[in-house]
Amino acid sequence: MSIIVNDQKLLRFVQEVFQSFGISAEKAFICADNLVLADQRGIPSHGVARLKRYVDGMVNGTILPYAEPVVVREALSTATIDGQAGLGQVIAHFATRMAIAKAKQNGVGVVTVRNSNHYGIAGYYSQMMLEEGLLGLSMTNSAPLVVPTFGKEMIIGTNPISLTAPTRRNRPFFLDMATSVVPRGKLEVYDRLEKPLPEGWAVDAGGRVTTSAAEVLKNMTSRSGGGILPLGGEGELFSGYKGYGMAVLVDILCGVLSGGAYGDMVDSKGPSGENQPAQVAHFFMAINIENFVEMEVFQDKMDDLIDRLKASARAEGASRIFIHGEKEYELYEKHKKEGVPLQEKVYDTLKSIGAQRGVDFGL
């Protein structure tokens, strides 16, 4: 069962929860806007259902809400930032603004980040670049939830990638994807709904395919084996090794290049289960299109590419070919008009957080 809530009231509530920790309204808004946007775009796995994760992190000290990002290395087109274990959204927003400024001045801006935390949806930052008329790329590594091909131990993250590209007539191209079959949040959605997982999403402690979301989530918490499969699924038949390779690519650009953490080093739990900063790492690249080709030419070619894809022959029974981001744009418009659907368990959790933090619920 879903409960429909007004998106602006939801944004206000989540912002006030962040502000209850003493951070500025501006920083709280960045965090809240990121989470609510995920729900508006139909990505509940990364929406306000994640608020408890941030609240718990700020309470137990794995997230330091007052920490300020520090630039530790900088050149004309590049920079490396130490997030000081602060709020991932705030750190990533700071890094993206820097990448944008460098791209506008020097053609390309590449900023890596180490020692951060979960930054929400990757597309939030590539969209910031898109809004400035730039080609935008955003990546992050994450806690080990994914098993490598032929493995049964979680050692790499879901490691998402987002790319945005401007157009003239069509909606902008907006790719935002995990390099695993699904993100952890999707398993949590199935667990809350008590639905079996589709075969090929995850494996149990022995490395065998399972349909039990509860079992996989329990194994994740206890680190007893199993986990999510890389994009492509189990083994080599459906090219799971390609998703595995893409996840490692993200770890290289985010963790290795920044001098930060990667693989199973990215974790908010220490070897003995103690709380510790997660050491998440990010990568942002903004490209000034005009340094390569006239903007009008780029936009016209993007529109032509999209037109060709959408006009191509459809499979039997298929009514439409979608372009990445198209469904999300349409859901965003729908939810702006009609309200955002929240699962009942998520709604109840938000209400409990409000009571815990002394924030009026009012949804």
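**Burial, helices and salt bridges**

Q: Why is Lys102 called buried?

A: Lys102 has a relative accessible area of 8%, and buried means under 20%, exposed over 50% and partly exposed in between, with a 1.4 Å probe and protein chains only. Lys102 is therefore buried. The model is predicted: local features need pLDDT of at least 70 and side-chain atom pairs count only at pLDDT 80 or more, while totals for chains, interfaces and linings use all residues. Residues are numbered from 1 along each chain as its sequence is written, and side-chain values use heavy atoms, with hydrogens and water left out.

Q: What makes Glu74 and Lys102 a salt bridge?

A: Their closest N and O atoms are 2.9 Å apart. A salt bridge is a side-chain nitrogen of Lys or Arg within 4 Å of a carboxyl oxygen of Asp or Glu, so the pair of Glu74 and Lys102 qualifies. Glu74 lies in strand S2 (residues 70-74) and Lys102 in helix H4 (residues 88-106), so the bridge ties together parts that are 28 residues apart in sequence. Helices (H or I, at least four residues) and strands (E, at least two) are DSSP runs, numbered from the N terminus.

Q: Is Glu74 buried or exposed?

A: Glu74 has 52% relative accessibility and therefore counts as exposed.

Q: How many salt bridges does a search of the whole structure find?

A: The search finds 19. One of them joins Glu16 to Arg12, with the closest N and O atoms 3.2 Å apart. Glu16 and Arg12 are four residues apart in helix H1, so about one helical turn separates them. Glu16, with a relative accessible area of 31%, is partly exposed, and Arg12 is partly exposed at 25%.

Q: How do you know that Arg184 and Glu188 are separated by about one helical turn?

A: Arg184 and Glu188 are four residues apart in helix H6. They form a salt bridge whose closest N and O atoms are 3.0 Å apart. Arg184 is partly exposed, with a relative accessible area of 23%, and Glu188 is partly exposed at 24%. Elsewhere, salt bridges that share partners join Lys310, Arg320, Glu326 and Glu330 into one network.

Q: Why is Arg192 called partly exposed?

A: Arg192 has 21% relative accessibility, so it counts as partly exposed. Arg192 lies in helix H6. Arg192 and Glu344 are 152 residues apart in sequence, but 9.3 Å apart in space, C-alpha to C-alpha. Leaving aside neighbours within four places in sequence, Arg192 is in contact (heavy atoms within 4.5 Å) with Ala49, Gln343, Lys345 and Val346.

Q: Which residues of H11 are buried?

A: They are Val346, Tyr347, Leu350, Ile353 and Gly354. Seen down the axis of H11, these buried residues fall within an arc of 120 degrees, so they line one face of the helix; the arc is that of the directions from the helix axis to the C-beta atoms. They pack against strand S1 (2-5), helix H1 (7-19), helix H3 (51-60), helix H6 (184-193) and strand S12 (340-343). H11 is followed by Gly358, whose phi is positive, near 70 degrees.

Q: Which residues of helix H7 (residues 213-222) are buried?

A: Ala213, Val216, Leu217, Asn219 and Met220 are buried. They cover an arc of only 160 degrees around the axis, which puts them on the same side of H7. The face turned away from that buried side carries the exposed residues Lys218 and Thr221. The cover over the buried residues of H7 includes H6, strand S8 (202-203), strand S9 (209-210) and strand S10 (227-228).
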